[in-house]
Amino acid sequence: MSRERLPFHTAREVRDAVLARQISAVEVCEATLARIAAQNTALNAFLSVAAERAIERARAIDRDKHTGPLAGVPIAVKDNIMTRGITTTAASKMLRTFVPPYDATVVARLEASGAVVIGKTNCDEFAMGSTTENSAFGPSRNPWNPDYISGGSSGGSAVAVAAGLSPIALGSDTGGSIRQPASLCGIVGLKPTYGRVSRYGLIAFASSLDQVGPMARTAYDAATALSVLAGPDPLDATASQQPCADYAGALSGDIRGVRLGVPRRMLEQGVEPAVHGCFDGALEILRARGAELVDIDLPHAPFAISTYYVIATAEASSNLARYDGVRYGFRAEGGRNVREMYEKTRSQGFGPEVKRRIMLGTYVLSAGYYDAYYLKAQQVRTLVRRDYDRAFETVDAVVMPTSPTAAFRIGEKVEDPLSLYLTDVFTVSANLAGLPALSIPCGLTPDSLPIGLQLTGKPFDEATLLRIGDSYERDTNWWKACPS
Amino acid sequence: MVAFGMPERLTRADVDRIAALARLELSDAEKDLFVHQLSHVLEYAEQIQQIDTSGVPPTSQVLSHMPADRDDERRPGLTNAEALANAPDPSPQTGLFRVPRVL
């Protein structure tokens, strides 16, 4: 454990050092807060920093000699996850001053495990986007090149981990929002199976797709965090009773005989050459470690984006109806009656992308269009799931790039929403099918921008994905790469 | 891409109707932009129409079995003061949220 390298230590190293009394949780916390203070102006990873609460918490860890799996480990939490007493904005003007009266289940579990919540991270407004450019508080910047997007929507969380501002962060993933920024910032991101992790206290975007998950530097740290986060919750009826695995214990390094499905047809067009190159290189390493590569077909995958944008916007238009200026959040001035107040509040409180999605969702649910769009998309969702069911009869996991491109310049695609939606091509189907999916760093472009490899698994089989990811890390150094 | 001169999928009247349903008050500039952008997205989304889905059940959620309901027991909830703490126009005397007149 070296104090100079402290920002880039893994959570496992931090916890071991705290337990061995080589460093105190308070020292870790203070060093982390100092680094955030020095770097956040440039990176805009954090929307708020909970310095006092964090120090107080770290003191308690030291005093009680906490031995939890994340004892003394700083955690950054995406700002669409409720933290009692810490402003939670979902990066929206609508919730700019909202202070939650309760903690999300995931936050309560992390704190019980000894983790120290240090602050709230930037994201696209209400998690709608893949760049953080939709944040009401400005975009986060990619630590590998600050002119480039961080990815999104959990961009601030990805930047926090990649820039050494926090070894672990929480994200949420509705269509790729953990995995894509993890890929673009060169870190590990896990979207668990739908139902694996409680959504209680996650600000709802699309309730049948949303999942909370960990972002970290290693598969091991993601596995440790998942063990803390996963499991049933009396406060979320969709949190599954399915038993949890020993995720960290499953990291044997051995992937001999693991069958990996490669959906070749999906990779034929639209994938950047550098991404292709890194992907092929990663497949070779996995093969050398004993995995067997099998060509598969996911015939409905080309329709996943259309399906996703119908279903996600429909659910969003319903979920976001609650922001009406009555019980919490922003209220616009000048409404002469309650309806005018609603309309002015929603028009001034929501940003352009959120309005666009509410409009689209309202349209596809409206009389005369429901069957053609929403019902049809739900049927195609069934077909997307069946494709995976069929694939998993012969393979243990599916491998794809996480994103067809590395990060692009901030501002490059803001005028063309559809072009941005299309970059979700490899991530949305895991949400539609409810499957776990992991992104791990697998290379850099010639311009030193990170590229990620995605593994999608069977329902509740996060352990296999993490085992493959960890095994891959043992033969590569991409996970150690840090922005200069 | 929508070619020049092609009619858009949505008209201004459609956008007005949807905005009213969604309780959004849009500026003229926003309406013009949304006519174009939403038409563009809908045109793309229409590709799902080519798939034969006859006899395919819809998926509204992916859980194979919903967990059993928990017992319906009284638990502590928010106090009135906590519930009002984030309200833009609370009325602490009555313990209610205040809104402009309804009619």
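How many residues does the contact take from chain B, and how many from chain A? I looked it up: 43 residues from chain B and 58 residues from chain A, with contact meaning C-beta atoms, placed from the backbone, within 7 Å.

Ground rules for myself. This is a predicted model, where local features need pLDDT of at least 70, side-chain atom pairs count only at pLDDT 80 or more, and totals for chains, interfaces and linings use all residues. Residues are numbered from 1 along each chain as its sequence is written, while chains are lettered from A and ligands numbered from 1 in the order in which they are written.

Next I checked the side of chain B that touches chain A. Two or more residues each come from α1 (12-21) and α2 (28-45) of chain B; helices are DSSP runs of H or I, at least four residues, strands are E runs of at least two, and both are numbered from the N terminus. The largest share, 7 residues, is from α2(B).

Then the sheet in chain A. I found 11 strands in an open, mixed sheet, ordered β1-β3-β2-β6-β8-β7-β12-β13-β11-β9-β10; strands pair if DSSP finds at least two bridges between them. Its edges are β1 (46-49) and β10 (292-295) of chain A, each pairing on one side only.

I also zoomed in on β7 (188-191) and β8 (211-216) of chain A, which run antiparallel and are joined by 2 bridges. A:V188 has A:A216 in β8(A) as its bridge partner.

Last, the helix packing. Helix α2 (25-43) of chain A packs on the sheet and touches β1, β2 (74-78) and β3 (116-121) of chain A. Its direction makes about 15 degrees with that of β3(A), using axes fitted to C-alpha atoms, for helices over the stretch in contact, and angles from 0 to 180 degrees between N-to-C directions.

Definitions and conventions:
Two residues are in contact if their C-beta atoms, placed from the backbone, lie within 7 Å.
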